[in-house]
Amino acid sequence: MCGIAGIIGLNTIKSEPIINNMIQAIKHRGPDAEGVFINDGVALGHKRLSIIDLTNGANQPFYDETNNFVIVFNGEIYNYPEIRSFLQNKGYRFSTQSDTEVILAAYDYWKEKCLQQLDGMFAFAIWDTLQKKLTLCRDRMGVKPLYYCIYKNTLFFA
């Protein structure tokens with residue numbers, strides 16, 4: 001189990017203490033590592049419980065190799081080895097053994113339709129740094145919780 005949190009719509013000065021408070025509130029969900037991404041009115045936070053790839057290279061927020069996409073992810077993708085193999089055959093390179101990195105490559109390849117490929121339980125947020133677009137998803141059965149609220153034109157989620 002991990003924990004994710006995010007804010008879209010506040011400036012950096014306001015976002016930083018809030019996102020740090022948000023991930024501290026979910027610290028019980030991930031004792032192994034934590035991280036924050038803050039840029040352009042977006043703050044993403046993560047508390048990690050290391051399960052698949054135990055290395056620091058798989059810590060989150062996780063960036064794709066181009067730094068175009070940033071993800072925070074909670075869950076497990078059961079079929080990530082198959083998706084990874086398919087994407088490697090399409091020319092994608094991977095630097096970790098994590099399912100997180102596979103989600104980002106799948107998103108790059110299929111965009112939102114990557115959800116049709118994912119078998120697992122998950123909640124994640126992907127920030128597209130070029131298009132300034134957030135994709136916020138959870139598994140079809142809702143096994144992993146994802147809560148959000150919009151308050152004064154600002155989106156908060158966890």
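**Exercise 1. A buried histidine**

In this predicted model, the side chain of histidine 46 makes a polar contact with the side chain of glutamine 60 at 3.3 Å. Determine where histidine 46 is placed and whether it counts as buried or exposed.

*Solution.* 

Step 1. Locate the residue. Histidine 46 has its place in strand S3.

Step 2. Apply the cut-off. A residue is called buried when its relative accessible area is under 20%. Histidine 46 has 0% relative accessibility, so it counts as buried.

Step 3. List its surroundings. Residues up to four places away in sequence are not counted here; histidine 46 then touches, among others, Cys2, Gly3, Ile4, Ile23, Val72 and Phe73. Gln60, the partner in the polar contact, is also one of the residues touched.

**Exercise 2. Salt bridges between loops**

How many salt bridges does a search of the whole structure find? Describe the one between aspartate 40 and lysine 132 and the one between arginine 93 and glutamate 65.

*Solution.* 

Step 1. The search of the whole structure finds five salt bridges.

Step 2. Examine aspartate 40 and lysine 132. Their side chains meet in a salt bridge, with 2.8 Å from N to O. Aspartate 40 is in the loop between S2 and S3, while lysine 132 is in the loop between strand S6 (120-128) and strand S7 (133-138); the pair therefore ties together parts that lie 92 residues apart in sequence. Aspartate 40 counts as partly exposed at 46% relative accessibility, and lysine 132 is partly exposed with a relative accessible area of 44%.

Step 3. Examine arginine 93 and glutamate 65. The closest N and O atoms of this salt bridge are 3.3 Å apart. Arginine 93 lies in the loop between helix H2 (80-89) and H3, and glutamate 65 in the loop between strand S4 (62-63) and strand S5 (69-77), so this pair ties together parts that are 28 residues apart in sequence.

Step 4. Classify the second pair. The cut-off for an exposed residue is over 50%. Arginine 93 has a relative accessible area of 63% and is therefore exposed; glutamate 65, with 56%, is exposed as well.

**Exercise 3. The second largest pocket**

Which residues line the second largest pocket, and which element gives the largest share of its lining?

*Solution.* 

Step 1. State the volume. About 180 Å³ of space lies in the second largest pocket.

Step 2. Name lining residues. Among them are Phe62, Asp64, Thr66, Tyr92, Glu101 and Asp108. Glu65 and Arg93 also belong to the lining, and these two residues form a salt bridge with each other.

Step 3. Find the largest share. Helix H3 (residues 99-110) supplies it, with four residues.

Step 4. Sort the lining by class. The lining has five charged, four nonpolar and two polar residues.

**Exercise 4. Positive phi angles**

*Solution.* 

Step 1. Most residues other than glycine have a negative phi.

Step 2. Consider asparagine 67. Its phi is near 65 degrees, a positive value in a residue other than glycine. Asparagine 67 is found in the loop between S4 and S5 and counts as partly exposed at 47% relative accessibility.

Step 3. Consider lysine 152. Its phi is positive, about 50 degrees, although lysine 152 is not a glycine. Lysine 152 has its place in the loop between strand S8 (148-151) and strand S9 (154-157). At 65% relative accessibility, lysine 152 counts as exposed.

Note on methods: Residues are numbered from 1 along each chain as its sequence is written. This is a predicted model: local features need pLDDT of at least 70, side-chain atom pairs count only at pLDDT 80 or more; totals for chains, interfaces and linings use all residues. Side-chain values use heavy atoms; hydrogens and water are left out. On a 1 Å grid over the protein atoms alone, a cavity is a set of points where a 1.4 Å probe fits but cannot get out, and a pocket is an open set with protein on both sides within 12 Å along at least five of seven lines; lining residues have an atom within 4 Å of a point. Grid points are joined across faces, edges and corners, and a volume is the space filled by probe spheres set on the points. Helices (H or I, at least four residues) and strands (E, at least two) are DSSP runs, numbered from the N terminus. Ala, Val, Leu, Ile, Met, Phe, Trp, Tyr, Cys and Pro count as nonpolar, Asp, Glu, Lys and Arg as charged, and the others, Gly among them, as polar. A salt bridge is a side-chain nitrogen of Lys or Arg within 4 Å of a carboxyl oxygen of Asp or Glu. Buried means under 20% relative accessible area, exposed over 50%, partly exposed in between (1.4 Å probe, protein chains only). A polar contact is a pair of N or O atoms within 3.5 Å; within protein, one must be able to donate a hydrogen and the other to accept it, and residues adjacent in sequence count only if both atoms are side-chain atoms. Contact means heavy atoms within 4.5 Å.
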